Amino acid sequence: MTTPGLRVDAERNRQRIVAAAREAFAECGLDVPMDEVARRAGVGVGTLYRRYPTRADLVAAAFEQKMTAYAEAARDALAEPDPWRGFCDYVERVCAMQAEDRGFTTVLTLSFPTAKRFEADRDRSFTDFVALIDRAKAAGRLREDFVAEDMVMFLMANAGVLTATADAAPETSRRLVAYFLQACAATAAAPLPDPPAPRRMYRAMLRFAAPQSGK
């Protein structure tokens with residue numbers, strides 16, 4: 001039988017591993033070596049693997065709170081009385097989350113079947129985002145040809161800007177997002193090329209995310 005003291009030690013190690021993983025993934029992306037996470041946590045690699053047998057297990061644990069915040073961003077945006085303000089707040093908030101954490105965009109492309117809460121939050125956030133789009137269009141504020149995959153395009157473009165300017169000119173990302181939002185307004189609408197099919201955009205995001213995820 002496990003003694004209370006051992007349970008406390010195990011929980012302390014779990015917390016240290018998750019904190020170290022969050023830090024390492026945010027700084028270096030998802031392909032950071034597992035022994036580097038263990039080193040930052042101050043535990044042995046064996047201890048890390050006993051708690052999180054696979055990288056996916058560790059990633060899901062490290063980003064669980066972030067995914068909850070991501071889902072809450074869409075829910076908060078839907079609660080905003082002004083549909084356009086809600087849409088803009090959501091885009092700004094998600095892009096800011098991306099700016100804070102290099103691994104976040106990659107996590108959105110991955111699947112974690114055993115992390116039920118994680119997957120539920122992701123599904124809820126997408127459903128709420130679609131509702132957010134529909135509401136802003138119904139109010140006549142969002143251009144009619146905006147599709148959910150355009151948000152993926154925004155995140156991919158923002159990731160490139162963040163990589164190029166994060167250390168030297170971090171304010172560049174906020175300016176880019178402002179340009180995005182102005183282009184999304186119904187008053188600025190002009191004909192666009194047809195959007196890529198959702199399955200093609202998903203494949204593109206997987207390819208974009210692969211270097212960070214270690215695939």
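The model is predicted: local features need pLDDT of at least 70, side-chain atom pairs count only at pLDDT 80 or more, and totals for chains, interfaces and linings use all residues. Residues are numbered from 1 along each chain as its sequence is written, and side-chain values use heavy atoms, with hydrogens and water left out.

Select Arg-14 and Glu-11. Their side chains form a salt bridge (a side-chain nitrogen of Lys or Arg within 4 Å of a carboxyl oxygen of Asp or Glu), at 2.8 Å, N to O. The two are 3 residues apart in helix 1 (residues 4–28), so about one helical turn separates them. Helices are DSSP runs of H or I, at least four residues, numbered from the N terminus.

Next, select Glu-27 and Arg-40, whose side chains meet in a salt bridge at 3.1 Å, N to O. This pair links distant parts of the chain, with Glu-27 in helix 1 and Arg-40 in helix 2 (residues 34–41).

Move to Ser-125 in helix 7 (residues 116–138). Its relative accessible area is 1%, so Ser-125 is buried (under 20%; exposed is over 50%, partly exposed in between; 1.4 Å probe, protein chains only). Leaving aside neighbours within four places in sequence, Ser-125 is in contact with Tyr-70, Ala-71 and Ala-74 (heavy atoms within 4.5 Å).

Finish at Arg-207 in helix 10 (residues 198–213), which is exposed at 63% relative accessibility.
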